[in-house]
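Keep the picture open as you go.

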Amino acid sequence: MSYQRRGEIPAFAFKAMAGESGIPYQTLINLYLDECVREKKKLQFV
């Protein structure tokens, strides 16, 4: 499987979780970002 743009894999993962949970994927992304802020996570560029 090949992806053209950076960020497609995480977006796909959030959309899959949304389908399983019934929670809109935008809400799941916001929940994850809130968690990152609370836990003071830093972005790691590879």
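## Salt bridges

A salt bridge is a side-chain nitrogen of Lys or Arg within 4 Å of a carboxyl oxygen of Asp or Glu. Keep in mind that this is a predicted model. With that rule, the structure holds 2 salt bridges.

Which residues are linked in a network of salt bridges? They are E35, E39 and K41. In the bridge between E35 and K41, the closest N and O atoms are 3.4 Å apart. In the bridge between E39 and K41, the closest N and O atoms are 3.7 Å apart.

## The overall fold

Now step back to the whole chain. The protein has 2 helices and 0 strands. Helix α1 covers residues 8-21, and helix α2 covers residues 25-38.

How far apart are the end C-alpha atoms of helix α2? They are 20 Å apart. You can check this yourself: the expected span is 1.5 Å times one less than the number of residues, so the 14 residues of α2 should span 20 Å, which agrees with the model.

## Between the helices

M17 is found in helix α1, and its relative accessible area of 39% makes it partly exposed. M17 and L28 are 11 residues apart in sequence, and their C-alpha atoms are 8.1 Å apart in space.

K15 also has its place in helix α1. K15 is partly exposed, with a relative accessible area of 46%. Along the chain, K15 and I29 are 14 residues apart, while 9.5 Å separates their C-alpha atoms.

Most residues other than glycine have a negative phi. Where is K40 found? K40 is in the segment after α2, and it takes a positive phi of about 55 degrees there, just after the helix. K40 has this positive phi although it is not a glycine.

Is K40 buried or exposed? K40 is exposed, because its relative accessible area is 67% and exposed means over 50%.

## The surface

The accessible surface of the protein comes to about 4400 Å². Carbon and sulfur atoms account for 59% of that surface.

What percentage of the 46 residues in the protein do buried residues make up? Buried residues make up 9%. A residue counts as buried if its relative accessible area is under 20%.

Definitions and conventions. Residues are numbered from 1 along each chain as its sequence is written. This is a predicted model: local features need pLDDT of at least 70, side-chain atom pairs count only at pLDDT 80 or more; totals for chains, interfaces and linings use all residues. Side-chain values use heavy atoms; hydrogens and water are left out. Helices (H or I, at least four residues) and strands (E, at least two) are DSSP runs, numbered from the N terminus. Buried means under 20% relative accessible area, exposed over 50%, partly exposed in between (1.4 Å probe, protein chains only). Accessible areas come from the Shrake-Rupley method with a 1.4 Å probe; for residues, only the protein chains shown count as cover.
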